[in-house]
Amino acid sequence: MIPASFEYHAPTTLADALRLLGRNREDGKIMAGGHSLTPMMKLRLARPGSVIDLRRVPGLSYIREEDGHLAIGAMTTYWDIMSSELVQQKRPGLAATAAEVADIQVRNKGTIGGSLSHADPAGDMPATVLALEAEIQSRSSRATRATPAERFFVDTFVTRLRDNEILTEIRIPVAPARTGESYKKFANKASHYAIVGVAAQVTLGRDGNCEKVRIGITGAGPKAVRARASERALEGRDPSDRQIERAANMASRAVTLYNEDIHGSGEYRAHLTRVMTRRALQEAVANAK
Ligand SMILES: Cc1cc2nc3c(=O)[nH]c(=O)nc-3n(C[C@H](O)[C@H](O)[C@H](O)COP(=O)(O)OP(=O)(O)OC[C@H]3O[C@@H](n4cnc5c(N)ncnc54)[C@H](O)[C@@H]3O)c2cc1C
């Protein structure tokens, strides 16, 4: 299939990319790895008049530790994230999630910024940035702003990004001591997209009880969500199998509308949500210990 015609721009500075986007607010689209935008254009689900390719813009691909955070540039690929020793040490749940995305070809090209901007309801990264309490930075020609991950995802393919903004950086606080992380997904066998994916972060107190629990769910509904009732059910309690089961059983309530398609009914996805939450919590607790 062939996309509709469009103008292609390959700016070499972020300022130029922002200027081009500002000039084409109506129908301009940023291209990062192109692994979601190109198929959307070929299917004519997206028909941008201008494509602004970020691949020649320097300084958008990096992973560094600063001010108690991991700072990750928007153009950093899944491969860079999963193979980064810094990420493996400081936020292993993020490395584990990147390793779960699609196949090696997609992981080599797809970017974390592209994944979050695209907000595919079956994308993996949205669940993990919710569970790890990331902050998403974006820039326009005039200003830089930060949005907490829990406010970023609005609906299917809709985020808080404005049409003159480029997502530039993801900031994730470094994990406190006695924290374990996990990402568990039940994947579509062909594409590897999440039918349901659950990310969990558990911090244990000195007494061995759960001090802080964060859970992000993807694939189940129109957008990735936090499972707050499950988080509250476990905080302050001992992470026994019984308590984890109880908390996991509440997770399906976090999704108000379930996706239904050829890959699974809403009822099936609700069941998977409970199962994947239990598995993610069990692994996060084991890792915290
Ligand atoms: C065969 C196949 C299998 C896949 N399987 C999975 C999977 O298992 N799990 C999963 O999570 N994903 C999967 N994906 C999607 C893949 O992860 C994409 O790479 C990702 O969703 C988008 O990243 P990208 O860098 O390719 O972005 P692009 O395709 O370039 O862009 C996607 C969208 O985000 C916008 N955008 C991109 N970057 C920015 C930015 N910095 N600022 C503002 N807007 C921006 C674009 O305008 C576009 O609307 C799969 C893709 C393919 C082709």
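Buried means under 20% relative accessible area. The views below show parts of a predicted model.

**View 1**
Helix 5 covers residues 92-100. Its buried residues are G93, L94, A95, T97 and A98. An α-helix has 3.6 residues a turn, so residues three or four places apart point the same way. After helix 5 comes A102, which has a positive phi, near 45°. Most residues other than glycine have a negative phi.

**View 2. Helix 11 against helix 12.**
Helix 11 (residues 241-250) packs against helix 12 (residues 266-288). The angle between the two is about 140°, and their axes are 8 Å apart. Angles over 145 degrees count as roughly antiparallel and those of 65 to 115 as roughly perpendicular, and helix 11 and helix 12 are therefore oblique to each other. Their crossing is right-handed. On the side of helix 11, the contact is made by D241, I244, E245, A247, A248 and N249. On the side of helix 12, it is made by R274, T277, R278, L281, Q282 and V285. The residues of this contact comprise 5 nonpolar, 3 polar and 4 charged.

**View 3. D241 in helix 11.**
D241 belongs to helix 11 and is one of the residues that meet helix 12. D241 has a relative accessible area of 55%, so it is exposed. D241 and L116 are 125 residues apart along the chain, and their C-alpha atoms are separated by 33 Å.

**View 4. R214 in strand 13.**
R214 sits in strand 13, which runs over residues 210-218. Its relative accessible area is 15%, and R214 is therefore buried. The side chain of R214 makes a polar contact of 3.1 Å with the side chain of E235. Residues up to four places away in sequence aside, R214 touches A131, E133, A199, A200, Q201, R226, E231 and E235.

**View 5. E165 in a loop.**
The loop between strand 9 (158-159) and strand 10 (166-173) holds E165. The side chain of E165 takes part in a polar contact of 3.4 Å with the side chain of S138. The E165 side chain also reaches the backbone nitrogen of R162, at 2.8 Å. When neighbours within four places in sequence are left aside, the residues in contact with E165 are L21, S138, R139, S140, R145 and R160.

**View 6. R56 in a loop.**
R56 lies in the loop that joins strand 3 (50-53) to strand 4 (63-66). The cut-off for exposed is over 50%, and R56, at 56% relative accessibility, therefore counts as exposed. Apart from neighbours within four places in sequence, R56 is in contact with A10, P11 and T12. R56 and I136 are 80 residues apart in sequence, and the distance between their C-alpha atoms is 22 Å.

**View 7. E65 in strand 4.**
E65 is part of strand 4. With 39% relative accessibility, E65 counts as partly exposed. Not counting residues up to four places away in sequence, E65 touches L70, L86, K90 and V174. From E65 to V87 there are 22 residues in sequence and 9.3 Å in space, C-alpha to C-alpha.

**View 8. D67, a loop residue with positive phi.**
D67 is found in the loop between strand 4 and strand 5 (69-73). Its phi is near 50°, which is positive although D67 is not a glycine. D67 has 67% relative accessibility, so it counts as exposed.

**View 9. R178, a loop residue with positive phi.**
R178 is in the loop between strand 10 and strand 11 (179-187). R178, a residue other than glycine, has a positive phi near 60°. R178 has a relative accessible area of 32%, so it is partly exposed.

Key. Residues numbered from 1 in each chain as written. Predicted model: local features only at pLDDT ≥ 70, side-chain atom pairs only at ≥ 80, totals over all residues. Heavy atoms only, no water. Axes fitted to C-alpha atoms, helices over the stretch in contact; angles between N-to-C directions. Helix = DSSP H or I, 4+ residues; strand = E, 2+ residues; numbered from the N terminus. Parallel < 35°, antiparallel > 145°, perpendicular 65-115°, else oblique. Left-handed = near helix turned anticlockwise from the far one by under 90°. Contact = heavy atoms within 4.5 Å. Nonpolar A, V, L, I, M, F, W, Y, C, P; charged D, E, K, R; others polar. Buried < 20%, exposed > 50% of the residue type's maximum accessible area, 1.4 Å probe, protein only. Polar contact = N/O pair within 3.5 Å; in protein donor to acceptor, adjacent residues only side chain to side chain.
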